[in-house]
Amino acid sequence: MIFSVGSAQCLAQDVTIAQSAPVITLDEAIRRAQSNEPVFAAALADKKIAALDRSIARTAFLPSAVYHNQMLYTQPNGQSNQGGQAGSQPAPIFIANNAVHEYTSQAVVNETIGLQQVAGLKAATAVAARTEAEFEISRRGLVATVVALYYGVADTESKAALLDEGLREATEFTDLTRKREAAREAAHADVVKAQLQQQQRQRDLADARLLADKTRLELAVLLFPDPHTQYVTESGTVVRPLPERREVEVAAGNNNAELKSALASLHESDAAVLSARAAYLPDLALNFNYGIDAPQFAKRGPDDVRNLGYSMSATVDIPVWDWLSTQKRIKQSNIRRDAVKVALSNTQRRLIATLDDAYAEAAAAHAQIDLLEESSRTAEESLRLTKLRYSSGEGTVLEVVDAQNALIVARSAEADGTMRYENALATLQTLTGTL
């Protein structure tokens, strides 16, 4: 009787919490988890960085411009030369320098045209596509984790409620055996057996509540800054329909993130091969300078000589011999590309097998839901009839205990079956990118 009062207090406390705590939908839980999970945040950062790298690779096709300013002073050697713009001037002690005072103020535009830029852009584009796919893989993995925990909370709480009801049933049956013993209609052994069943239900309920609290806390870590925040999940009373097999196959083929990642890796290895082969070809370097490079920091020098002007240059360096280093780099790139092709083929086969397993699991779980519900109703009716037979003196206490156990097992199996189907359906949705 004491435990019944405590159970009522716990039930009243749960009702109070349920009324004050916010209701978290599955979509809201996924959104909150995406804001708090560090692995997902790292994948998102990699995706943004790769997108910026691709933008940087594109700029390699555009000319660069700087405004160069320099003042150079060289010690004179005591002589004069005729290299000045107007007559003789002091000769610098370093023959590589042009004058004792030299001022440079020029706008410099450089452009390099070659196959390396093309290969670099292809590689950056492939890396961006791969990080995009890996981000999607991380997102779907997080979604799968949240879905499992979300339905796990509902499942563990449902089982705790079932065991709480089972405890009340066991307590009522213990009272019944005591009354029958007092009326000399049953032996004391019936009371002992009923008490053992009641004690077992107490232990089972304590374990179920502990598991429910652990599951709620684990989900709360992903959803809230404070894991002790109270919340309520939605109860899935309506079983969602199973999609058609053809529809699932088409969606998985178009939206599978693992396959996209493998294809992007192959494109990245193709770009690496192209980059290695580019070493065989020359690059064209163009340079344009406009400004002054003179002994005076002025537009005009002595005798009105013009200091302001421009110069242009074009350079082509043709590779001749590098001791077969380029050939060996090409071989390295081809070896890596062959390994990536094997990984791509394996990903394609694994996708087919994973999709078959996931759909078969969802179909089997969906087919068993009605049977599990029917088993629960049958077990409930069996317990009612068995208790009536015991009350009339036709049944035994063992039959009642067995019927109680059968009802708990049937209802727990029903809750597990619903969770199994929801998880299987969520797995299909993550494979097809619809969740």
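**Helix packing and loop geometry**

Reader: How does α3 pass α4, in a left-handed or a right-handed crossing?
Author: α3 passes α4 in a crossing whose hand can be read from the model. The model is a predicted one. The crossing is left-handed.

Reader: At what angle do α3 and α4 pack, and how do they run relative to each other?
Author: α3 covers residues 38–59 and α4 covers residues 115–182. Their axes lie 8 Å apart, and the packing angle is about 165°. The cut-off for roughly antiparallel is over 145 degrees. That angle therefore makes α3, relative to α4, roughly antiparallel.

Reader: Which residue classes make up the contact of α3 with α4?
Author: From α3, the contact includes V39, F40, A43 and L44, along with D46, K47 and R54. From α4, it includes L121, V127, F135 and L142, along with E132 and R139. By class, the residues of this contact divide into twelve nonpolar, four polar and seven charged.

Reader: How do α4 and α5 run relative to each other?
Author: α5 spans residues 188–223. It packs on α4 at an angle of about 160°, with the axes 8 Å apart. α4 passes α5 in a left-handed crossing. With that angle over the 145 degree cut-off, the pair is therefore roughly antiparallel.

Reader: How many nonpolar residues does the contact of α4 with α5 have?
Author: This contact belongs to the pair packed at about 160°. It has 13 polar and ten charged residues. Its nonpolar residues number 17.

Reader: What is the C-alpha separation of Q34 and L223?
Author: Q34 lies in helix α2, residues 26–36. It touches F40, R139 and L142, not counting residues up to four places away in sequence. Q34 and L223 are 189 residues apart along the chain. Their C-alpha atoms are separated by 8.6 Å.

Reader: What is the phi of W323?
Author: Most residues other than glycine have a negative phi. W323 is not a glycine, yet its phi is positive. W323 lies in the loop between β8 (308–317) and α8 (325–391). Its phi is about 60°.

Reader: What is the phi of L324?
Author: L324 is found in the loop between β8 and α8. It is a residue other than glycine, and its phi is positive. The value is near 65°.

Reader: What relative accessible areas do W323 and L324 have?
Author: Exposed means over 50%. W323 is exposed, at 66%. L324 is partly exposed, with a relative accessible area of 39%.

Reader: What radius of gyration does the protein have?
Author: The protein has nine helices and eight strands. Its C-alpha atoms fill a box of roughly 140 × 45 × 35 Å along the principal axes. A compact globule of 435 residues would have a radius of gyration near 22 Å. The protein has 40 Å.

Reader: What share of the residues is buried?
Author: The count runs over the 435 residues in the protein. Burial needs a relative accessible area under 20%. The buried share is 34%.

Definitions and conventions:
Residues numbered from 1 in each chain as written. Predicted model: local features only at pLDDT ≥ 70, side-chain atom pairs only at ≥ 80, totals over all residues. Heavy atoms only, no water. Axes fitted to C-alpha atoms, helices over the stretch in contact; angles between N-to-C directions. Helix = DSSP H or I, 4+ residues; strand = E, 2+ residues; numbered from the N terminus. Parallel < 35°, antiparallel > 145°, perpendicular 65-115°, else oblique. Left-handed = near helix turned anticlockwise from the far one by under 90°. Contact = heavy atoms within 4.5 Å. Nonpolar A, V, L, I, M, F, W, Y, C, P; charged D, E, K, R; others polar. Rg over C-alpha atoms; globule rule 2.2 N^0.38 Å. Buried < 20%, exposed > 50% of the residue type's maximum accessible area, 1.4 Å probe, protein only.
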